[in-house]
Amino acid sequence: MSTIPKSRLVALAVFLIVLALFPLGANGYILGVLTTAFYFAVFAMSWDLLFGYAGEVNFGPTFLIGLGAYGAGMSNALLGLPVPLAVVVGAIVAVAGGVALAIPALRLSGPYLGLITLVSVLLLQQAIVIFAGVTGGEIGLSVPDVLSISSAVNYEYALAFMLVSGLILFLISRSSLGMILQAAGQDQVAAAALGFNATRHKILAFAVSALFSGLAGAFLVFYLGTASVSAVVDISIGVRVIIAAVLGGRRTIIGGAIGSVFLIVAGELLRPIGQLSTFVVALIALVVIVLFPDGLLGLLPHRRGA
Amino acid sequence: MLAIQILIDGFAISTLYALGALGFTLIFGVSGVLNLAHGGLMVIAAMIAWYVGTSIGLGPYVGAAAGLAVCLVAALVTYGGIVRPIENSRAVPAHERELFVLTATLLWGVMIQEALSYAFTNSPITVQPLIAGTVSILGVRTPINEIFIAAVAWAVMGALWLLVNRTRIGRRLLAASINPRALTLLGFELDQIYLFVWVIYGLLAGIAGVLLGSFLGSGSGYVPGLTGSAFTIVVLGGLGSVSGTLIAAYIVGYIETLTAYLVSPSLREVPALILLVVVIYMRPQGLLGRR
Amino acid sequence: MSGKKAALAAVIAGAAVAVAAPAAQAASPIVVGITSEIGTIPGKAIANGAVLAAEQINAAGGINGRPLKLVIEDDHLSTTDAIRSFQRMVRQDHAVAIVGTFVSEVALALEPWAARLHEPYLITGAAANELSEYVHKDFKAHQYIFHAYMPAAYLAQAVCDATKDTLVDQFHMKTAVVMSEDAAWTKPLDAGYDACLPKIGVKVLDNIRFAPNTSDFTPIYQKIEKLNPNVIIAGWAHVGVQPTVQWAQQKVPIALAGINAQAGSSVFWKATNGATEGVITGSTSAPGVAITPKTLPFTDAYQKKFGYSPAYSAYSTYDAVYALADALKRAKSTKALAIVHALEKTNMVGTQGRIAFQGAKSKFAHALKYGPDYVTGVAIQWQDGQQKCVWPLKLANAKVVFPSFVKLPPKS
């Protein structure tokens, strides 16, 4: 691991302490916005591990998120499992889904893979509607238990989850696994020639991405108190995740967090213009992507290249 | 009687699917672009056709022409404002261009959907059919509009085939899809060819949008579904293969129709989705796709 | 005047001013939150109905001297946004009650939060039975919720009542096929149809449910035509334009009635290019029909203020805001339970009929009371580009007439 200057560490620590102490000063509205943003940050960071490092374009991150969310939601609502156990079930379902998606994904690349991941979201959506008896269908599934009613407690849960997930994902990306994934992602033939089993590592990448996406999806369900297609499966959610990751800066992990917070805060700031807020956010994201492909982190002067 | 009903109805819906997916596959086959704003372009055509034709009241023909024109403009904006800058951008590494084009067109599609929703609300409408009335085919009462749509669709496909296989510029299109660099070496302007393809794509999407809008309806909420339907067909048939798209469209259309008639209308989409899953696992490049 | 008396007078005057000043500042607004999907026609209607009601209430002096202030939030058809919005309006804006939405999915997601946050919540526009069944399930915890519209079961009953007076009595119709989108709100609707149609002498030949994203209705119409019923009783909200247009384009020779929610909108004629001629649907109101003395003044004021006619959810929201204001006036308090108890005693004339809520013992606790003395809705039929009221008979301004391609049973 490269050495990080002490001043940076201190600055980071101060920043984290400020974040943790936010609820003391901020009101429920801001806390609520940030809580959602933190869960989105985990969605985006998991996506970046898969794309930025393994080079796998996943156009349907909500397939994994949705599996985690509904897995956890249904365990709690139908089977009566307590929240921690339900979250574990959600994570297992998401990982299983991730591996199932990985298998055809590995024989493809580029646009083929992208389309299939997108199709997986459509399939999940259809399945939820068809089995509406157990999933709640298009009107969603209410879960009896929530993490907390207090916005401060929810905020802390989300913050802690984001920091832990972010740290793990970041460490993976900088580890030998991360290096192998990058090598395999950028030049599969060369990686194979060097003796690395790119396939096994890619399945691992899918599984890790699925684990964190699924966990975040499950937590989101117990924050909102409901699992619904529009909240965790819809293509528009997936679009926002991808935008967040690319906007923040791909192949950085942290970029995903930055992009998510930026997008959600921007969406809130634009609320006064009402209906057109989604349009404006998409426009801003489009401009950034076309003009500054390295994203927000790429705008920093002393950022080292990936 | 039932068999003839299934035959006719299946043919109508399959032709619509083919029409909707055709431009999508063409633009990928020739210029390598997966335009995820495809549904947006088609809905623009339909909404303008309805607005000019019905809401303002200028009649279905003027409306259809207006829809076609605006869709063409939108397609060119997509090419000139989004696709081309990214493809020519030096900031984006070559192997990531596709992702950026995909993401950018996805965003553009969202913008189109929101803009349409703001302008027209998301209430669905139907484009006024160009020809009204019904006719009896072998005892089955069929709206003349359906026959008209099928005729136009096949005429367009025929014209496209002629263009690609029998004209000079068509052959250059084909060559560009196989080996763009070689074409440049031979001195042909790739930019001109791409522009030409996008013009054709704009017209195709416009025709598809207006015709689909007269049978299936349209509205800002249709944007993601139309894109999704197009690339489902294209994934099945094989990216970049026009004949693959056609075959896949008819397979999906008939499977859906058979299910709706013989099994249950609420399970209409299920067999096609199962087929899709099977194809993804068994033959991921699609029926006639190249790797 | 002597110096002492002048000083005393000054002190008294000063005290009077000191007392009067805070009293004038005490006219702080009462905040009510509105959550809706502004980009949709029914959603915008909710916001508009609330705005009009608030304006009129404030012009008449407010609520016990305090003005009513609305906070309107667009939830973009997203449960996540709606939940965040709900929490924000309760915690941030200190709303005493929340009103909205017409999407059952969103309303169902908000109900647990109304219970957790002890916030009165009036649902205007959504129709799922579950909404009020939820209140009945755990009344003590869920009593904050009021379904200020009709559960699907009552919508079905209204259709049966209308069908009896028009299609059965006038056209001697005896058979029907129920055709509904496969959605949550139509399950109790279909069950309601199956129960009440035989009671009025109409036999249900089949129940057909289609996927909500169906776009090709030809197989369904072919199937129905084979069964040869006199009428198709619909349960449509998610779809409307396509099945109507295809019914007309294919000249399906069977009358179309029931609930075609989109057909209740004034723009439906243009949206279907006139294919909706002859289609009957249950609705909240009809143009020019005075269900109560408040109906037409509302419609006129709405048309004048917004430039178009009100959708069904505008009526229910307008009535809900008035009911809320009325309850606040009687309760003389903004505490949640005080508002709830006052709402339960509501008995006022609204634009839809007489507004009153059912009690805790009812299966649909806190839903609107249904019946000729309360709210039933109307049935309208599109004729020549206009919505004509065909039921209740005492309000009807036209007789039912079908397009020529519809085959009618012989006059027996």
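Reader: Which residues of H10(C) are buried?
Author: In H10(C) they are C:Val241, C:Gln242, C:Pro243, C:Thr244, C:Val245, C:Gln246, C:Trp247, C:Ala248 and C:Gln249. Buried means under 20% relative accessible area, with exposed being over 50% and partly exposed in between (1.4 Å probe, protein chains only). A helix here is a DSSP run of H or I with at least four residues, a strand is a run of E with at least two, and both are numbered from the N terminus.

Reader: Why is helix H10 of chain C largely enclosed?
Author: Nine of the nine residues of this helix (residues 241-249) are buried, so the rest of the structure largely encloses it. C:Lys251 follows H10(C) and has a positive phi, near 55°.

Reader: Before I go on, what kind of model is this?
Author: It's a predicted model: local features need pLDDT of at least 70, side-chain atom pairs count only at pLDDT 80 or more, and totals for chains, interfaces and linings use all residues. Residues are numbered from 1 along each chain as its sequence is written, chains are lettered from A and ligands numbered from 1 in the order in which they are written, and side-chain values use heavy atoms, leaving out hydrogens and water.

Reader: What's the average pLDDT of chain B?
Author: Chain B averages 85, and 95% of the residues score at least 70. pLDDT is the predictor's confidence in each residue, from 0 to 100. Within chain B, confidence is highest in helix H2 (residues 38-55), at 94, and lowest in helix H7 (residues 180-185), at a mean of 68.

Reader: New topic: how many disulfides does the structure hold?
Author: One, over all chains. A disulfide is a pair of cysteine sulfur atoms within 2.5 Å, and here C:Cys160 is joined to C:Cys196, S to S 1.8 Å. The pair links distant parts of the chain, 36 residues apart: C:Cys160 sits in helix H7 (residues 152-171) of chain C and C:Cys196 in helix H8 (residues 186-199) of chain C.

Reader: Are C:Cys160 and C:Cys196 buried or exposed?
Author: Both are buried. Their link is right-handed, with 70° about the S-S bond.

Reader: What order do the strands take in the open sheet of chain C?
Author: The order is S10-S13-S14, three strands with antiparallel pairing. S10 (280-283) and S14 (386-391) of chain C are the edge strands, each pairing on one side only. Two strands pair if DSSP finds at least two bridges between them; S10(C) and strand S13 (residues 378-383) of chain C have four bridges. C:Gly282, for one, has C:Ala379 in S13(C) as its bridge partner.

Reader: Which helix packs on the sheet?
Author: H7(C) does, touching S10, S13 and S14 of chain C, and its direction makes about 85° with that of S14(C). Axes are lines fitted to C-alpha atoms, for helices over the stretch in contact, and angles run from 0 to 180 degrees between N-to-C directions. Contact means heavy atoms within 4.5 Å.

Reader: Last one: where is C:Ser36 found?
Author: C:Ser36 is in strand S1 (residues 30-36) of chain C. At 0% relative accessibility, C:Ser36 counts as buried. A polar atom of the C:Ser36 side chain lies 2.7 Å from the backbone oxygen of C:Gly43.

Conventions
Polar contact = N/O pair within 3.5 Å; in protein donor to acceptor, adjacent residues only side chain to side chain.
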